[in-house]
Amino acid sequence: MGILSGNPKDEPLHYGEVAAIWSGSLAAKSAAAFYSTMLNHAGDGDLKRVIEEGLTLARAEMAGLDEILRENGVAIPPEPPERPHADLESIPPGARIQDPEIASMIGKDIGMGLTSHSQAMAQCIREDIAMMFGEFHTAKAKLGQTNLRLLKEKGWLVVPPLHMSHVNA
């Protein structure tokens with residue numbers, strides 16, 4: 001039996017896994033700050049629920065990734081300060097981020113997260129780490145579907161030019 005057999009938790013991390021876990025933790029912490037801030041700007045109740053789900057996912061990712069870093073003696077990336085609650089009406093109209101903009105930014109955040117989780121899964125040799133990123137990926141894809149549905153239902157989706165096939169008869 002080699003060093004990479006048996007219980008995956010007993011296997012060492014390779015440098016790529018450490019980098020993916022560390023950068024994933026930092027990204028999750030930044031996402032939590034983003035979602036917390038967007039809660040202050042959102043007015044739509046359905047959008048607020050999507051934001052809260054995104055915040056919950058970000059916090060779960062932070063916890064899981066930081067635990068692995070601690071177990072392996074790797075320094076944990078800094079966490080931004082907790083965002084205070086603000087009254088939506090106290091944000092000046094020109095400074096407020098509008099609901100359609102928030103939903104679009106959430107879509108972008110989800111897309112980047114899916115890409116980074118996929119890349120992390122592909123480079124992992126420890127099955128437990130790959131599975132963890134797979135769980136994050138699945139949860140983020142589900143949130144992406146919810147956000148896309150919201151964008152469509154609210155009329156906030158900015159559609160690129162559609163390719164329509166025309167047959168001249």
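Is Leu-57 buried or exposed, and what is its relative accessible area? Leu-57 is buried, at 18%. The legends below describe a predicted model, in which local features need pLDDT of at least 70, side-chain atom pairs count only at pLDDT 80 or more, and totals for chains, interfaces and linings use all residues. Residues are numbered from 1 along each chain as its sequence is written, and side-chain values use heavy atoms, with hydrogens and water left out.

**View 1. Leu-57 in helix α2.** Helices are DSSP runs (H or I, at least four residues), numbered from the N terminus. Leu-57 counts as buried because its relative accessible area is 18% (buried is under 20%, exposed over 50%, partly exposed in between; 1.4 Å probe, protein chains only). Beyond its neighbours within four places in sequence, Leu-57 is in contact (heavy atoms within 4.5 Å) with Ala-139, Lys-140 and Leu-143. Leu-57 and Cys-124 are separated by 67 residues in sequence and by 21 Å in space, C-alpha to C-alpha.

**View 2. Cys-124 in the loop between α3 (99-123) and α4.** Cys-124 is buried, with a relative accessible area of 14%. Not counting residues up to four places away in sequence, Cys-124 touches His-14, Glu-17, Ile-129, Ala-130 and Phe-133. The C-alpha atoms of Cys-124 and Ala-58 are 21 Å apart, and the two residues are 66 apart in sequence.

**View 3. Lys-29 in helix α1 (residues 15-41).** Lys-29 is buried, at 2% relative accessibility. With neighbours within four places in sequence left aside, the contacts of Lys-29 are Met-62, Asp-66, Ile-76, Pro-77, Pro-78, Glu-79 and Pro-80.

**View 4. The largest pocket, with a volume of about 310 Å³.** A pocket is an open set of points on a 1 Å grid over the protein atoms alone where a 1.4 Å probe fits, with protein on both sides within 12 Å along at least five of seven lines; lining residues have an atom within 4 Å of a point. The volume is the space filled by probe spheres set on the points, which are joined across faces, edges and corners. The lining of the largest pocket has 19 residues, and Ser-23, Gly-24, Ala-27, Gly-113 and Ser-116 lie nearest its centre. Two or more lining residues come from each of α1, α2 (45-71), α3 and α4. The most come from α3, with eight residues.
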